[in-house]
Amino acid sequence: MNTTLLVPLATRPQAALRPPQWHAPRNLLRVALPVFVLALWQVASSTGILSPRTLPPPSAVIEAFRQLIETGDLQAALPASLARAGGGLAIGLLIGIGFGLLTGLSRRAEEAFDSTFQIVRLIPFISLVPLFIIWFGIGEEPKVLLIALACVFPAYLNTYSGVRNVDRRLIEAARTFGLSPVQITLQVLLPAALPAVLVGVRFAMGVSLLALIIAEQTNSRAGIGYLIFVASGALRIDLIVACVLVYAVLGIAIDLVMRLVEKLLLPWR
Amino acid sequence: MLANVQIRKETGDATPVVDLRPVATTAHSPREAVVSLTGVSKKFGDQTILDGVDLSIRQGDFVALLGASGSGKTTLLRILASLDEANDGKVLVARNRSVVFQEHRLLPFRRAWRNVLLGTKQPGNGRAIAERALAEVGLSAKADSWPKHLSGGEAQRVALARALVRSPTLLLLDEPFAALDALTRIKMHALVEGLWRDHKPGVLIVTHDVDEAILLADRILVLKDGRFSLDVAVPPALVRNRKRQELEPDEVNPLKYRLLAELGVAVPGHTA
Ligand SMILES: Nc1ncnc2c1ncn2[C@@H]1O[C@H](COP(=O)(O)OP(=O)(O)OP(=O)(O)O)[C@@H](O)[C@H]1O
Ligand SMILES: [Mg+2]
């Protein structure tokens with residue numbers, strides 16, 4: 001029979017006193033799988049298992065990148081795409097956060113607008129592409145408006161519920177200290193709702209990228225989508241893959257930007 | 001000094017008598033009334049919580065409110081804090097009042113010192129004022145902390161500093177120490193007593209702890225069935241006399257067992 005009741009537990013020096021170290025095993029593990037997949041892809045391509053007409057090797061994709069930059073195509077396409085996504089995002093956030101605050105703060109505004117937002121939200125924005133082209137032509141407007149429409153709802157829903165779900169007890173405390181309704185709104189409700197609003201912004205940014213890709217598929221004269229359109233016409237799979245990777249990099253950039261923004265705006269979390 | 005708290009009748013159509021004249025004595029009087037309730041009633045649905053309560057508290061009074069769970073102590077305090085409205089009766093309370101709740105209710109996005117200043121108008125020297133208030137509760141070192149990083153007792157002390165920084169004439173405390181450990185609670189008792197001595201507000205403290213009530217208050221109320229079933233003064237020799245209360249249990253116990261009996265707790269071998 002084992003009579004030992006005590007077990008040793010680990011100790012750990014205070015974080016600040018630990019020498020900064022690179023967490024080798026953990027970080028290596030993180031990159032291991034992606035590197036392995038890349039290697040497999042390269043090997044499969046060079047041994048001929050993977051036909052370049054299906055998927056060109058990583059080296060060819062890198063070469064395609066070099067070409068895109070050398071010809072200046074990427075430098076021309078990226079600002080065009082970013083302007084579209086950014087413009088649509090800005091409009092969508094303005095409307096979504098604006099109405100979210102309004103319906104969150106005022107019962108009257110909620111009765112007036114919320115049901116409309118909830119209904120329109122259920123329409124998949126992709127299904128509106130043909131309508132938008134008929135209404136707004138094939139210029140920039142339908143693209144920016146489609147992105148804006150897609151961004152409105154995540155911003156709206158998160159802002160609205162963020163304001164509505166602020167801890168009632170904080171509002172009561174503020175009331176007992178004599179804050180006016182306007183002061184409570186500015187000093188308690190809005191700062192307390194900010195984390196939820198930022199979640200909405202993060203979602204809206206993701207959706208803006210998605211809407212950008214869809215909007216650019218049709219009748220683009222510039223942008224990453226236009227590059228893909230031209231490349232697919234020429235059956236240049238390497239270029240298509242390179243452009244898809246650009247979209248992926250944009251997605252990562254959104255994540256990094258939002259992390260930084262949250263760190264700056266929510267130091268108390 | 002007294003502000004009339006708005007009264008809305010839940011049922012019936014008779015408008016309650018609203019007396020705008022403060023019941024306070026002359027301006028020279030050092031002991032103005034800070035609470036004056038006459039026939040105050042409150043119902044939730046068909047459940048009568050307060051049934052014609054009368055209460056008068058003057059500046060400098062330290063009143064403890066006891067009562068079984070669900071007896072309406074918080075309801076009464078919320079009416080005094082103007083967070084809820086009585087259905088009937090006359091409610092007069094000091095305009096300058098502060099509340100400390102069971103939870104600290106600090107704004108998570110404000111540092112401790114900025115929480116202390118919530119709602120005060122301090123042109124320029126706010127930081128100094130907040131730091132002085134935090135020093136009073138022994139928390140100078142935590143002025144720049146986020147509420148998230150404060151311990152329960154520390155957060156409650158910040159809440160106390162926030163309540164006191166506006167020099168209230170009426171301080172309402174709803175089980176402010178209930179969530180704290182016994183040792184911290186002893187320290188908080190001494191702290192509150194000291195703050196009361198320095199500022200002399202009228203205090204109404206809700207508590208479940210009979211010993212705490214006897215230790216801090218000069219007057220103890222028991223709320224039962226919508227009314228004060230007991231309203232006793234602590235014997236003058238015992239009031240806030242910790243030493244005597246500890247050394248002479250025979251003087252304390254009659255009051256203690258009477259309160260416990262009133263709260264429905266029978267202590268074997270003792271009759272109230
Ligand atoms: N907003 C409300 N709606 C309906 N009933 C309520 C409401 N607030 C309180 N009550 C009821 O009123 C009664 C008194 O509640 P109150 O919170 O005042 O009790 P309490 O004496 O503070 O109890 P405790 O010691 O447990 O804090 C309870 O029965 C409670 O259910
Ligand atoms: Mg209560």
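Select A:Glu172 and B:Arg105: both residues are buried, where buried denotes under 20% relative accessible area, exposed over 50% and partly exposed in between, computed with a 1.4 Å probe on protein chains only. The model is predicted: local features need pLDDT of at least 70, side-chain atom pairs count only at pLDDT 80 or more, and totals for chains, interfaces and linings use all residues. Residues are numbered from 1 along each chain as its sequence is written, chains are lettered from A and ligands numbered from 1 in the order in which they are written, and side-chain values use heavy atoms, with hydrogens and water left out.

Display the side chains of this pair. A:Glu172 forms a salt bridge with B:Arg105, with the closest N and O atoms 3.0 Å apart; a salt bridge is a side-chain nitrogen of Lys or Arg within 4 Å of a carboxyl oxygen of Asp or Glu. The pair crosses between chains, from helix 7 of chain A to the loop between strand 6 and helix 2 (112-116) of chain B. Helices (H or I, at least four residues) and strands (E, at least two) are DSSP runs, numbered from the N terminus.

Next, show the whole interface. Chain B contributes 22 residues to the contact and chain A 16 residues, contact being heavy atoms within 4.5 Å. The area buried between the chains is about 1,700 Å², 65% of it from carbon and sulfur atoms; this is the accessible area (1.4 Å probe) that two parts lose on being put together, summed over both. In chain B, the residues that lose the most area to chain A are B:Leu83, B:Arg105 and B:Phe109, together 32% of what that side buries. Across the interface the rule finds 3 salt bridges.

B:Arg197 and B:Glu193 meet in a salt bridge of 2.7 Å, N to O, and both lie in helix 5 (residues 182-199) of chain B, 4 residues apart, about one turn of the helix. B:Glu193 is buried, at 10% relative accessible area, whereas B:Arg197 is partly exposed, at 44%. The side chain of B:Arg242 also meets that of B:Glu193 in a salt bridge, at 3.5 Å, N to O. B:Arg242 lies in helix 7 (residues 242-247) of chain B and B:Glu193 in helix 5, so the pair ties together parts that are 49 residues apart in sequence. B:Arg242 is partly exposed, with a relative accessible area of 28%.

Select A:Leu68, A:Val188, A:Ile224 and A:Tyr247, which touch the most other members of the largest nonpolar core, a set of 57 residues. A nonpolar core is a set of buried Ala, Val, Leu, Ile, Met, Phe, Trp, Tyr and Cys residues joined through side-chain atoms within 4.5 Å. Helix 8 (181-216) of chain A is among the elements that give two or more residues to this core, and helix 8 gives the most, with 13 residues. Centre on A:Ile224: beyond its neighbours within four places in sequence, its contacts include A:Leu74, A:Leu78, A:Cys243 and A:Tyr247. A second, separate core of 52 residues includes B:Leu66, B:Ala130, B:Ala159 and B:Ile220.
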